[in-house]
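Reader: I would like a close look at a single part of this model, with the pairings and ring contacts around it laid out carefully.

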2 protein chains.
Amino acid sequence: MDVTRENFAEALREFREAVAECDFAAMDMEMTGLYESKEQQPHRLDSADERYAKLKRSVETYGVMQVGISLFTWREDGDGGFYEARPFNFNVFPATTVGRAPVETHVGFKNTALEFLARNSFDFNKWVYSGIPFLRAEDADRIRAERAALLGGHQAMVVADDGATRMFVRDIERALRAFAASGERTLRCETANAYQRKIVHDMAARHDTLATRGIDGDVEVFRATRKEMAKLAAKRLRLLDTSIAEARGFCAVIDLLSAARKPVVGHNMPLDVLHAYAKFHCALPPTRVAFEQAVAGFLPVLIDTKYIIESTPAIKARYKTSSLEDIAPVLELEAARDLGCPLVRCHPQFAQTAAHAVMHEAGYDAYITGATFIRLLKLDGGIDLAARAANSSEHGGELVLYRYINRLYMLLGDDMAWRVGGGRSSNGDSRAALDASPVKEKGEAPTSATDDDVDSGALHG
Amino acid sequence: MDVTRENFAEALREFREAVAECDFAAMDMEMTGLYESKEQQPHRLDSADERYAKLKRSVETYGVMQVGISLFTWREDGDGGFYEARPFNFNVFPATTVGRAPVETHVGFKNTALEFLARNSFDFNKWVYSGIPFLRAEDADRIRAERAALLGGHQAMVVADDGATRMFVRDIERALRAFAASGERTLRCETANAYQRKIVHDMAARHDTLATRGIDGDVEVFRATRKEMAKLAAKRLRLLDTSIAEARGFCAVIDLLSAARKPVVGHNMPLDVLHAYAKFHCALPPTRVAFEQAVAGFLPVLIDTKYIIESTPAIKARYKTSSLEDIAPVLELEAARDLGCPLVRCHPQFAQTAAHAVMHEAGYDAYITGATFIRLLKLDGGIDLAARAANSSEHGGELVLYRYINRLYMLLGDDMAWRVGGGRSSNGDSRAALDASPVKEKGEAPTSATDDDVDSGALHG
């Protein structure tokens, strides 16, 4: 489902329902760039802290143009079942206004990143013209406080110290006093520009009984009782809140995803996770350790398919690549051949995404990532392959999966796992991670206590 | 004429001919943003050096998406005459490749700047998909030197210190030695990625008699005499030069404009001039004074219509605005009413730009700027209006124009002129500027010696 600001309200309703019942989500993003210079690029010999600083800088430098989130739900089907996918392709563009006032965001792009997207048919007009706005909660709060202070008229008035402005202020003050003393219903103040309009609004606000409204590029002053003034202020606050909610836009999707506490799968996902956090949740913590802890409260269960492939010798040896573009179609063919029926199907209303098959469209890539994850679990060289050979793969998924939870693919020296989130154990043994994770077989009692905060979505391996 | 990479070669030919015969050019640009933060915005109380630093920073932060250049040529027409306009709208995007190797450029954008362009129907797909590449001469020289060194095979080979790479290097060296000693014609080295291909090319280059070429993702090694090697290297250098010329792209237009030494008119043009210099000519000098001198060698005669309006009391009092969008249509109507025939006409092949009339399309804005300039000269409250009243406006243009040469609109305290280029006099009297400028009546002897380097295009005021 391709989502722009035009169909966002409808898509948000669908997403809310789908995320509540899904077993896991897969996520992918298209960005405006990766690293500004050679020095900023990840290097195998980086320390973990250095790497975090590089990723953080990338995320703070570049923008997100598309967020793909594909929701996967297990459907029983006679003897077996299948995963039903609902891929959403969200086109996003930083909110440009709250009400009529501009909200400015500076973003970088790499010429080669945009050209790469162009080679994959990216629609830049859709991005700018129809991108869903987004504005983080902390920015929305700051803007709300600023605007609410303006509505209250309690801010200090800053007036330029030039002859023309001084004369304008004097004339307006004279007119306001005469109006307040008169029997007239309204006073129209002619203004030449936004700056003069602001001066009139501010000056009228100093009179207890005068209110203002914009009218055809001028300002109209009118008389109001204290009660009417309060009512007017309340109405304007409501309008402000409505326009802030509109500007928050896509952040509502990430709020829902975070609140659902479902596993989120990505392919080579550190940058995706950091972008999701920094763009739609809140500013990145300054240190790596603080981020590793904070992410547990944001997306508690992360699984990286690139890490699965690279860290599982039987898979790596068999496919010789961890590129999603290369491995996904091979896995799809194998699964079709071995199973005789698809393990993954698109929800009928979402079939277009899979049919169009545009690699590097975020919605499609998210769908392919989730499908690859499901097929990889079947193939994991360890317990699952053996279990499959013995025709009893029932618990394979659970037994194997714990190894991959909250380990993001990141080459640092000979290590390839960035361990994030809660439930990490110190000595490389991550069984503890499974205990704290939502990944278990449906209908089975958890093997140990699970975090109540975490939804018990199941993964059918 | 809308120009993309598809019709650039043809447009460049037309531009070359037109710029040689034109009397002056008008220029406008669409940019990806202006100022990153409030602190970076121009302030009336800036010192001239502070302002230059702010403009320089803007230019180094943001990109140019469209360059409009409209060339104006005086055509005799029975008793009178008219200016014939040829507006070019160049869509430009930083070169992404030289040959097949990427050239990366980091650029910033403001969300509100792109939204502003969207409100004016800007086509972002045309920008990325079809923008004419550009690469400054100094960057092209650097890239040429790097690539030429690679072709010569004299660069140091840097090899990653990991087991797999060490094994690969050992195998390739063994194979190369065996091949050199054998009677085989070619040796195909299978490679898994670009890094391995580079290793093979580099290692073969160390053998005096072995040459390489890429072939279907692998590298083919073949035997070559010293003469053949030299021929091959020369051919590759020619290919490199061809692809560098392609990447230089739009810079050829600015080179032609600069070499023509014609007056260039803009509206509120400091940023346009700095962008033209920094993006298509060479890096901006670090100091304001150095730039003011350097610009004389780049575009020797600059005229800013906003400065004309703001600094001429009769014009400012009559129109009460210096916004191009507001004043241009009024001037057009007045000129049509007073003269009974248009003073400015579009060349038939370029009529589409004027007919479409899309404000904030750079080509159209350049056309309107040039047309406004011509009409403003007729109206200058000083000498020209008086001359017109006396029905002898023949020399009005020249007599008035000298006041506006190489003064760009820039509010600094009570001053509004940024004086750039050569021929400036110290005490605000700028008659000297006219003497050094190309602006004089056609067919008249120059009133004083003119710089031979400067073309004697004429402006009919």
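Which residue in strand 10 of chain A does Thr186(A) stand opposite?

Author: In this predicted model, the residue that Thr186(A) stands opposite in strand 10 of chain A is Phe222(A). Strand 8 of chain A and strand 10 (residues 218-223) of chain A run antiparallel and are joined by four bridges. The two strands belong to an open sheet of three strands in chain A, whose order is 8-10-9 and whose pairing is antiparallel. Strand 8 (186-189) and strand 9 (210-215) of chain A are the edge strands, since each of them pairs on one side only, and from one strand to the next the twist averages 25°.

Phe222(A) also takes part in a contact with a charged side chain, for Arg213(A) lies over the face of its ring, at 4.0 Å from the ring centre. Across strand 9 and strand 10 of chain A lies helix 8 (residues 226-248) of chain A, which runs at about 40° to strand 9 of chain A.

Arg345(A) lies over the face of Phe82(A), at 4.2 Å from the ring centre.

Definitions and conventions. Residues numbered from 1 in each chain as written. Chains lettered and ligands numbered in written order. Predicted model: local features only at pLDDT ≥ 70, side-chain atom pairs only at ≥ 80, totals over all residues. Heavy atoms only, no water. Lys NZ or Arg CZ within 6 Å of the ring centre and 35° of its normal. Pairing = 2+ DSSP bridges. Axes fitted to C-alpha atoms, helices over the stretch in contact; angles between N-to-C directions. Contact = heavy atoms within 4.5 Å.
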